[in-house]
Amino acid sequence: MAQPDNKKFFENLTGAGKAIAVLTSGGDAQGMNAAVRAVVRMGIYVGAKVYFVHEGYQGMVDGGDNIKEAKWESVSSMLQVGGTVIGSARCKDFRTHEGRLKAAHNLVKRGITNLCVIGGDGSLTGANLFREEWSGLLAELVQQNLIDEEAAQKYSALHIVGMVGSIDNDFCGTDMTIGTDSALHRIIEVVDAIMTTAQSHQRTFVLEVMGRHCGYLALVSALACGADWVLIPEMPPEDGWEEKMCQKLSATRSRGSRLNIIIVAEGAIDRHGKAITSSIVKDLVVQCLGFDTRVTILGHVQRGGTPSAFDRILASRMGVEAVLALLETTANTPACVVSLCGNQSVRLPLMECVQMTQQVQKAMDEKRFEEAVRLRGRSFENNLRTYKLLAHRKPESELPHSNYNVAVLNVGAPAAGMNAAVRSAVRVGISEGHKMFAVSDGFEGFYKGQIKEVKWADVGGWTGQGGSLLGTKRTLPAKYIEKIAEQMRKYNINALLVIGGFEAYLGIMELLAARGIYEELCVPMVMVPATVSNNVPGSDLSIGADTALNAITDTCDRIKQSASGTKHRVFIIETMGGYCGYLASVGGLAAGADAAYIYEEPFDIRDLQSNVEHLTEKMKTSIQRGLILRNENSNENYTTDFIYQLYSEEGRGVFDCRKNVLGHMQQGGAPSPFDRNFGTKIAAKAMQWITKKLNESYRQGRVFANTEDSACLLGMRRRAMVFQPVVQLKDETDFVHRIPKEQWWLKLRPLMKILAKYKTSYDVSDSGQLEHVALNRPRESEVSAAI
């Protein structure tokens, strides 16, 4: 397959002669196994010896069989397994000098001087202390005649790279820790299930989620399910919160809701540091309102289960980046942690991150709560701001009155998370004083006049609904521009928010082109990308793509499991995406595929033959299953049937084949927590932009906006959310194949190949820069890729 034309590749980085040990420590988190797998395979790929350290630091102290060399096959079939298969333990011995001395001896005996630690801030702090003491520990070992001078010289420096595995997302410097997204999946699954029973009996449910010192899980799950009230340790409620909460619950019921959801973090406190438990909240609701109220404590359910697609991809990227960091490290390089900022892997000094994390706790202990929220980072701050905006409706008397009418519509194919975006837009719009109008069935409904005003309560309960409740069509507006302009005049529409895929992008362009003829179209317009294909120019991510990836990953897990215990088998799976290979490529990385055929990376019969030979070799080992993904439009001649028949014939006697076309199941289902929150926050940001543009373009009693920057697409670009005039995106678009000309995720494809044991080139141009925590957060990255 064609190699990308990039500047810096990792071929010049060799791991020959190096030994890397990987361990998981502290509490377990889903996705840890994906990180271990990536470290082992990338390490072996570059020629290093890789060792498992079983049972965390305890295994390092005890030595013996706890430290074992890992083989390529050792990490097969662990990608989809929750927890950590190499074990984790909280180790008292490692906290003592004697324990660390034993650990150093056990590592030196095996020639290990590179350590990859997956754990929380305590585990990473311990690793850094170990590194700082290393030369002293070796000197002691020489004194005790346990090692000789030569060994002390040879292994004089210990290199450490950390990855944060913690479901609480309580580590500063990274937008997302390994395991957080999966924990949110567990919480949201429970909330969705509870909502149906709560509705049946008109009950109030108090849910307690993990987070002793960090309210991230509580806050984001509240945002994702539209909870009525949330209690978190970073921002305790003001005195008198009990009465305010009961008023809010009562007001929700009076507007016709049959249920209330309250989410409490296990570490929730009031302004005086007194614990607020789920039972206290329940008793309060029963006493004040008399509502039938139940408590559900989720507990360790949140740590369990299979990792989400997001966590598998995050952990795989971080694992590979950790090995690269170890290869590039020198004796003077500080211990670093591999982090996620926006959509990019970055390296940060480990102790800077640890100190920042400790500052959050200090601020909370000293009751400086505003500062604690700020120190958690922009993502956390923005989550809190958005939650307050959407959950707490201001009285009519306090709302500004703008006299602007804003219309919201969905365009293109349905995508999970569209409804969360509409709810967010409607509620933020009302909070900003606008009249909000919902348009049914996209541009088709627009020209037919299917437009009605929508109120705050009309969008209650929308966040968890899949598909598009407004209705959505692929119809483009060009043929009906006159009728659309007429409807805009009739309803006095002053701004448009279009939520959709490539058709929405084309639609905005067509409306823009007609501004010269119809003054009604000279209003601010913004598009929010929502499509499972993730093929909209100007944005690295689209609403709905994460839910589709999870559908693909879950199905691939089941399909692979169907072959367990049978003879060798290869599965050919066809994914959606039009000409965009995002779902096939990123889904392939999350599911552990051997190859993914896509339009963007042309392939021929020689590539197919090479893949068959590779699988044949693989099947001679203990590996029994192969997985091939194919994008639906990757090649008009090499169809799914053709590839299936070719593999069946060429693999005869070694493996048999099965094929599966996933189809529309990728568009259905309840939205993932990521899509709910991404949709919620991106739409809120879009509405705030609309308000700003309306105020700027209001002249002589009317809105008039005809500049390029009054019709924008709001997209995620690397580390930031950016408003880009759609006119400027024309040059970035391949209109024939409906894809962007450049796509960031193509850089992830070599990871899939490396982890499947193919020799390939991997562009590391973005790697290798050690940054600082203070510089890590760009101004605009409030809606980071990390929810």
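1. Is arginine 347 buried or exposed? In this predicted model, arginine 347 is buried, because its relative accessible area is 5%, under the 20% limit for that class. Its salt-bridge partner is glutamate 328, with the closest N and O atoms 2.8 Å apart. Glutamate 328 belongs to helix α10 and arginine 347 to strand β11 (residues 344-349), so the pair ties together parts that are 19 residues apart in sequence. Glutamate 328 itself is partly exposed, at 25% relative accessibility.

2. The whole structure contains 36 salt bridges. One of them joins the side chains of glutamate 238 and arginine 271, at 3.7 Å from N to O. The former lies in the loop between β7 (229-231) and α8 (241-254), the latter in the loop between β8 (260-265) and α9 (278-289), so parts 33 residues apart in sequence are tied together. Glutamate 238 is partly exposed at 48% relative accessibility, and arginine 271 is partly exposed at 21%.

3. Salt bridges also link Lys362, Glu366, Arg368, Glu371 and Arg374 in a network.

4. A search for cavities of 30 Å³ or more finds 3. The largest has a volume of about 250 Å³ and a lining of 18 residues, with Phe310, Ile313, Asn343, Leu541 and Tyr582 nearest its centre. Helix α10 supplies the largest share of this lining, 4 residues. By class, the lining comprises 13 nonpolar, 3 polar and 2 charged residues.

5. The second largest cavity, of about 80 Å³, is lined by 10 residues, among them Asn169, Asp175 and Arg376. Its lining has 3 nonpolar, 4 polar and 3 charged residues.

Conventions:
Residues numbered from 1 in each chain as written. Predicted model: local features only at pLDDT ≥ 70, side-chain atom pairs only at ≥ 80, totals over all residues. Heavy atoms only, no water. 1 Å grid on protein atoms, 1.4 Å probe; cavity = no way out; pocket = protein on both sides within 12 Å on 5 of 7 lines; lining within 4 Å. Points joined across faces, edges and corners; volume = space filled by probe spheres on them. Helix = DSSP H or I, 4+ residues; strand = E, 2+ residues; numbered from the N terminus. Nonpolar A, V, L, I, M, F, W, Y, C, P; charged D, E, K, R; others polar. Salt bridge = Lys/Arg side-chain N within 4 Å of Asp/Glu carboxyl O. Buried < 20%, exposed > 50% of the residue type's maximum accessible area, 1.4 Å probe, protein only.
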